[in-house]
Structure formats: C-alpha cells, structure tokens
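The entries follow in the order I checked them.

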Amino acid sequence: MKQLVRPREGRMIAGACAAVANRFGVNVVAVRILTLLAMVFFGLSLWVYIALWILIPSED
C-alpha cells in the first residue's frame, strides 16, 4: 500500500484529499466531492480538513 503523504502535484488547496485518494487508490475528484458533501450535510468541520493538512506530511 502507498503511504499517506500530500503530493506536490495535483493539489487544489492543501493536498489532503489527494493524499487520501492516493493512499486508498480511489479517484481524487470523488474524495473531494464526498468531503464537500460531508462538510455541508453532515457537519464535518473544516477543522478536520485543517488537521489533516497539518498531520499528513508533504511529499519530498
């Protein structure tokens, strides 16, 4: 399995969604849409995204 790192290429904001998509081998657009929907409808806070941004290391 791939490591959980924020890629340098393909980032929209911080690369957290791209990191999750690459780690699990799913489409990055699907992860971005699901994240947005979770924020809007299920109360997933923007703070969770910011925490992922801080906690997931950047690719060298």
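Before the first entry I noted how a helix angle is taken: axes are lines fitted to C-alpha atoms, and angles run from 0 to 180 degrees between N-to-C directions. I also noted that this is a predicted model.

**Entry: the helix pair**

I looked up helix α1, residues 16–24, and helix α2, residues 28–41. Their axes come within 8 Å and cross at roughly 125°. Angles over 145 count as roughly antiparallel and those from 65 to 115 as roughly perpendicular, so I wrote down α1 and α2 as oblique to each other. I recorded the crossing of α1 and α2 as right-handed.

Next I asked which residues make the contact. From α1 I listed C17, A18, V20 and A21. From α2 I listed V28, V31, R32 and T35. Sorted by type, the residues of this contact are 6 nonpolar, 1 polar and 1 charged.

**Entry: the largest pocket**

I then turned to the largest pocket, which holds about 240 Å³ of space. I found 16 residues in its lining. Which of them lie nearest the centre of the pocket? I noted I13, C17, R32, T35 and Y49. C17, R32 and T35 were already on my list for the contact of α1 with α2.

I checked which helices supply the lining: α1, α2 and α3 (46–55) each give at least two residues. The most comes from α2, with 5 residues. By type, the lining of the largest pocket divides into 11 nonpolar, 3 polar and 2 charged residues.

Conventions
Residues are numbered from 1 along each chain as its sequence is written. This is a predicted model: local features need pLDDT of at least 70, side-chain atom pairs count only at pLDDT 80 or more; totals for chains, interfaces and linings use all residues. Side-chain values use heavy atoms; hydrogens and water are left out. Helices (H or I, at least four residues) and strands (E, at least two) are DSSP runs, numbered from the N terminus. Angles under 35 degrees count as roughly parallel, over 145 as roughly antiparallel, 65 to 115 as roughly perpendicular and the rest as oblique. A crossing is left-handed if the near helix is turned anticlockwise from the far one by less than a right angle, and right-handed if clockwise. Contact means heavy atoms within 4.5 Å. Ala, Val, Leu, Ile, Met, Phe, Trp, Tyr, Cys and Pro count as nonpolar, Asp, Glu, Lys and Arg as charged, and the others, Gly among them, as polar. On a 1 Å grid over the protein atoms alone, a cavity is a set of points where a 1.4 Å probe fits but cannot get out, and a pocket is an open set with protein on both sides within 12 Å along at least five of seven lines; lining residues have an atom within 4 Å of a point. Grid points are joined across faces, edges and corners, and a volume is the space filled by probe spheres set on the points.
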